[in-house]
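Please read this short report alongside the sequence and the model. It goes from the whole chain to single residues.

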Amino acid sequence: MPAFVIPGVEGRTDRAPVSVQAGAWGSILPAVWSFMLAAFIPLAYTLGTDFRPARRIPREEVLHWDRW
């Protein structure tokens with residue numbers, strides 16, 4: 001089911017001091033970001049339906065334990 005989720009902040013901030021605006025937007029933007037990550041909102045579209053696993057780097061090349 002398609003749905004719109006629209007975040008909102010109570011009140012207006014356009015005439016408020018910068019510190020108040022930063023507090024208002026600084027509280028809602030992380031919540032929106034977290035929601036987008038949790039909901040897996042797509043940022044692109046696919047061409048075709050030929051899906052397959054991507055090539056992966058061997059774990060030993062990227063995993064380090066007690067060393068760099």
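## Basis of the model

This is a predicted model, in which local features need pLDDT of at least 70, side-chain atom pairs count only at pLDDT 80 or more, and totals for chains, interfaces and linings use all residues. Residues are numbered from 1 along each chain as its sequence is written, and side-chain values use heavy atoms, with hydrogens and water left out.

## The chain as a whole

The chain has 2 helices and 0 strands. Both terms refer to DSSP runs, numbered from the N terminus: helices are H or I with at least four residues, strands are E with at least two.

Of the 68 residues in the chain, 4% are buried. Buried means under 20% relative accessible area, exposed means over 50%, and partly exposed lies in between (1.4 Å probe, protein chains only). The accessible surface of the chain is about 7,400 Å², and carbon and sulfur atoms account for 64% of that surface. Areas come from the Shrake-Rupley method with a 1.4 Å probe; for residues, only the protein chains shown count as cover.

## Helix α1

Helix α1 covers residues 18–39. It has 22 residues and spans 31 Å from first C-alpha to last, close to the 32 Å expected at 1.5 Å a residue. The expected span is 1.5 Å times one less than the number of residues. Phenylalanine 40 follows α1, and its phi is positive, near 50 degrees.

Glycine 23 sits in α1. Its relative accessible area is 45%, so it counts as partly exposed.

## Threonine 13

Where is threonine 13? It lies in the segment before α1. Threonine 13 is buried because its relative accessibility is 15%.

Leaving aside neighbours within four places in sequence, threonine 13 contacts Gln21, Ala24 and Trp25. Contact means heavy atoms within 4.5 Å. The side chains of threonine 13 and tryptophan 25 are also joined by a polar contact of 3.5 Å. A polar contact is a pair of N or O atoms within 3.5 Å; within protein, one must be able to donate a hydrogen and the other to accept it, and residues adjacent in sequence count only if both atoms are side-chain atoms. The C-alpha atoms of threonine 13 and glycine 23 are 9.9 Å apart.

## Salt bridges

How many salt bridges does the structure hold? There are 2. A salt bridge needs a side-chain nitrogen of Lys or Arg within 4 Å of a carboxyl oxygen of Asp or Glu.

Arginine 12 pairs with aspartate 14, with their closest N and O atoms 2.8 Å apart. Arginine 12 is exposed at 70%; aspartate 14 is partly exposed at 48%. Arginine 52 and aspartate 50 form a salt bridge at 3.2 Å, N to O. Both of these residues are exposed.

## A nonpolar patch

Val5, Trp33, Phe35, Met36 and Leu37 make a nonpolar surface patch of about 530 Å². Patch residues have over 30% relative accessible area and no salt bridge; like charges are joined within 9 Å, and nonpolar side chains (Val, Leu, Ile, Met, Phe, Trp, Tyr) within 5 Å. Methionine 36 belongs to α1. Its relative accessibility is 31%, so methionine 36 counts as partly exposed.
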